[in-house]
Amino acid sequence: MVTRLDELRSPMVAERARHTLLAVPLGATEQHGPHLPVGTDTVIASELCRRLAAAMPEEVVVGPAVAYGSSGEHAGFAGTVSIGQEALELLLVELVRGAADFAGVVLVNGHGGNLVPLRAAVRRLRAEGRPVLAWSPSGRPDDSHAGHAETSVMLRLRPDTVALRHAVRGNTDPLPDLIDRLRRGGLAAVSANGVLGDPTRATAADGDRQLGTWAAALIDCVAQRFPPPATATK
């Protein structure tokens with residue numbers, strides 16, 4: 001059973017917060033090529049939080065998603081709404097501070113552009129002694145945005161929102177080879193269709209496997225960062 005914070009009453013939160021982690025999906029609202037919805041990153045982060053809570057039902061509560069992120073590199077593509085790095089960093093710092101009643105906060109990030117402000121926020125929060133973990137899924141360097149992995153995952157989660165007939169191959173050069181041009185000129189400087197990867201052979205079965213891999217890595221990371229208290233022995 002997955003427990004969601006926004007479905008609980010305040011006394012119910014009070015009963016369990018001090019021994020429960022709050023998992024917050026961190027996504028974005030940005031273009032994902034001509035075939036995926038702009039909420040793709042938020043959908044994926046939310047599903048990973050759901051799977052974390054399903055695997056650790058007594059330890060994890062899922063909070064509402066943060067659906068706006070740092071997506072300035074996608075400017076110029078319709079549907080992109082970015083709040084920028086500074087605002088996102090402040091939002092995350094205040095969010096975790098506001099969740100002080102919980103045993104810890106897990107920020108599950110679905111968008112690579114959030115990494116700089118996310119890491120800065122975590123450094124600041126840890127310096128304050130706050131128990132926080134940030135986790136992001138890994139992927140192939142030639143498949144970093146709206147490519148095979150994300151398209152497959154969305155075919156598994158929200159097939160009705162995927163227009164596979166419009167999927168076209170984007171730039172498949174490894175991201176490290178593109179990053180300097182991307183930072184200078186945005187994604188449009190390296191991909192005219194907004195895709196980094198090749199979504200044309202995506203399948204729901206591949207998406208299911210990818211979700212399983214990501215979820216297992218997330219669960220393991222959380223278990224290592226927040227191990228259960230040792231059982232007292234006589």
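Helices (H or I, at least four residues) and strands (E, at least two) are DSSP runs, numbered from the N terminus. On that basis, P228 lies in the segment after α7. The structure described here is a predicted model. Its chain contains seven helices and four strands, and the order of these elements from the N terminus is α-β-α-β-α-β-α-β-α-α-α.

**Overall form and surface**

- The radius of gyration of the chain is 18 Å, which agrees with the value near 17 Å that a compact globule of 234 residues would have.
- The C-alpha trace spans about 65 × 35 × 30 Å along its principal axes.
- Buried residues make up 44% of the 234 residues of the chain.
- Of contacts between residues at least 6 apart in sequence, 81% join residues at least 24 apart.
- The chain has an accessible surface of about 11500 Å², and carbon and sulfur atoms account for 53% of that area.

**Nonpolar cores**

- In soluble globular proteins, nonpolar side chains tend to be buried together.
- The largest nonpolar core of this model has 29 residues, and the members that touch the most other members are L48, L52, V60, V106, V108, L218 and V222.
- Two or more residues of this core come from each of β1 (21–26), α2 (40–55), β2 (60–62), β3 (104–109), β4 (132–135), α5 (148–157) and α7 (204–225).
- Helix α2 provides the largest share of this core, with six residues.
- Leaving aside residues up to four places away in sequence, L218 is in contact with L48, L52, V106, V108 and W135.

**Buried positions in loops**

- S70 belongs to the loop between β2 and α3 (84–98).
- The relative accessibility of S70 is 5%, and this residue therefore counts as buried, the cut-off being under 20%.
- Beyond residues up to four places away in sequence, S70 touches S82, G84, Q85, L88, H111, G113, N114 and P117.
- A146 is situated in the loop between β4 and α5.
- Although A146 is not a glycine, this residue has a positive phi of about 60°.
- With a relative accessibility of 0%, A146 counts as buried.

- D198 is placed in the loop between α6 (175–185) and α7.
- D198 counts as buried because its relative accessibility is 19%, and the limit for that class is under 20%.
- The C-alpha atoms of D198 and D143 are 7.0 Å apart, while 55 residues separate the two in sequence.
- The contacts of D198, not counting residues up to four places away in sequence, are D143, G147, H148, R169 and T172.

**The segment after α7**

- P228, found in this segment, has a relative accessible area of 65% and is therefore exposed, as that class begins over 50%.
- The C-alpha atom of P228 is separated by 8.8 Å from that of E59, a residue 169 positions away along the chain.

Definitions and conventions. Residues numbered from 1 in each chain as written. Predicted model: local features only at pLDDT ≥ 70, side-chain atom pairs only at ≥ 80, totals over all residues. Heavy atoms only, no water. Core = buried A, V, L, I, M, F, W, Y, C linked by side-chain atoms within 4.5 Å. Buried < 20%, exposed > 50% of the residue type's maximum accessible area, 1.4 Å probe, protein only. Contact = heavy atoms within 4.5 Å. Rg over C-alpha atoms; globule rule 2.2 N^0.38 Å. Areas by Shrake-Rupley, 256 points an atom, 1.4 Å probe, with all protein chains shown as cover.
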